[in-house]
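Hi,

Here is the structure I promised to pass on. Have a look at it first, and then read my notes below.

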Amino acid sequence: MSNSETFSSWENLVKKQLKTEDIYTILKKENLEGIDVKPFYNSVQKSMANLPKVEESTHLVAAYHESLEDDVFAFLLNENVENLVEKTIFVNNKDLAEHISPQDEDQYFSLIDVFDENNAEINDQLVKELLAKAFKRNICVDVSLHQNAGAAIYQQLGIALAKTKELIEVYGSEIINKLIFRIAVGGNYFFEMAKIRAFKLVFNQLSKEYDLDDIPYIFAETSLRNKAISDNENNLIRSTLELASAMIGGADAVFSTNYLVEKSTDISEEISFKQQIVLAYESIINVFEDASNNSYYVEDITQQIAEKSWAFFVETEENGGYLESLKQGIIQKNIYDHAVEEQKWVEEGKIKLIGVNLYPKLDVKKSVEELYSEKEIKAVRWAEMFE
């Protein structure tokens with residue numbers, strides 16, 4: 001049977017099940033990413049390489065608490081803790097990163113972003129101090145801020161590449177395997193899975209321009225953008241799906257931001273971490289290299305996201321690179337335009353937040369103009385409009 005005959009068979013089956021000839025109008029799914037989502041898939045144009053993770057199994061990272069020390073193998077550290085033996089440590093505090101001197105290079109990763117977004121510059125002194133440390137990965141390229149500020153997926157990945165290029169131009173291509181990418185994962189389950197996969201593709205493509213064949217080390221954390229103060233238990237469900245996207249997409253480490261917005265407690269931090277434990281050990285999705293490989297839908301949107309991300313990166317380079325684009329306000333405006341459009345979808349109910357704009361429906365209290373600025377990249381939660 002030819003491809004066209006196979007497609008026609010699928011098409012007829014869908015028409016029969018939906019009891020209509022007009023299946024494309026009914027099944028059309030709009031999105032703000034500019035990704036073409038088909039009503040159904042029966043093949044994939046181009047099967048992609050099965051890109052592995054850097055780590056064999058995903059690190060499950062908890063915010064440090066003494067009570068977790070015996071059971072947790074990877075911690076996010078904001079302050080110094082003595083005698084943490086045989087743990088993987090993600091250092092999340094600039095002062096701590098500067099003063100800590102690990103004995104075992106396999107244990108420590110820096111999550112300190114060396115870019116100063118407000119002044120459009122790299123903190124050169126910080127980079128040199130961090131490169132001198134015996135860390136497994138010394139330099140963090142953070143695009144979690146951009147996701148939480150409302151950047152589109154392709155913008156986030158394009159910016160990650162542009163920031164990488166800035167570092168290579170100053171410190172040479174040998175910095176590539178010292179990088180760790182901090183990425184925030186949102187609630188669009190399959191798109192976010194494809195985001196992690198697409199980033200591996202485009203980063204690998206960038207590394208090949210320097211005669212390397214590297215895969216990025218990805219630290220994925222759950223987004224703040226779709227979290228709400230009202231019915232905060234819903235945040236647990238949202239972040240569980242986000243963690244699953246990250247693990248299936250092939251992140252090397254995952255971290256669940258606290259589901260209690262702006263009022264973290266020891267218990268809520270413990271519960272947030274237990275989400276990861278249940279996902280990893282009961283569904284065992286943390287050990288696969290690329291679980292979504294050869295899924296027609298995921299493969300298709302991965303390819304589209306990769307192409308759009310690379311195009312955004314090239315456009316940024318044509319504008320003089322990431323820092324120059326910040327100085328000109330281009331990056332800020334790009335993110336602002338997408339974030340405002342996204343917020344309008346929330347206001348109109350096209351993007352649904354249970355307990356905020358659906359079941360029950362809260363009143364709008366803040367305008368888009370109050371929440372966003374064309375000149376600043378800042379984190380904004382969708383629900384702030386209603387709080």
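Which residue in E8 is the bridge partner of Val 141? It is Phe 181, and I will come back to that pairing once the background is set out.

This is a predicted model, so local features need pLDDT of at least 70 and side-chain atom pairs count only at pLDDT 80 or more, while totals for chains, interfaces and linings use all residues. Residues are numbered from 1 along each chain as its sequence is written, and side-chain values use heavy atoms, with hydrogens and water left out.

First, the whole chain. There are 13 helices and ten strands; helices (H or I, at least four residues) and strands (E, at least two) are DSSP runs, numbered from the N terminus. The radius of gyration is 21 Å, which agrees with the value near 21 Å for a compact globule of 387 residues (taken over C-alpha atoms, the rule being 2.2 Å times the number of residues to the power 0.38). The C-alpha trace spans about 65 × 50 × 45 Å along its principal axes. Of the 387 residues, 53% are buried, meaning under 20% relative accessible area, with exposed over 50% and partly exposed in between (1.4 Å probe, protein chains only). Among contacts (heavy atoms within 4.5 Å) with a separation of 6 or more, 69% are between residues 24 or more positions apart.

Now to the strands. E8 covers residues 179-185, and seven of its seven residues are buried, so this strand is largely enclosed by the rest of the structure. In a regular strand, side chains alternate between the two faces of the sheet. For E8, one side carries Leu 179, Phe 181, Ile 183 and Val 185, the other Ile 180, Arg 182 and Ala 184, and all of them are buried.

E8 has a parallel partner in E7 (residues 139-142), joined by four bridges, and the Val 141 to Phe 181 pair belongs here. Five bridges also join E8 to E9 (residues 218-222), again running parallel; in E9, Thr 222 is the bridge partner of Val 185. Strands are counted as paired if DSSP finds at least two bridges between them.

Ile 139 is buried, with a relative accessible area of 0%. Beyond its neighbours within four places in sequence, its contacts include Leu 179 and Ile 180, as well as Val 114. The C-alpha atoms of Ile 139 and Val 114 are 7.1 Å apart, although 25 residues separate them along the chain.
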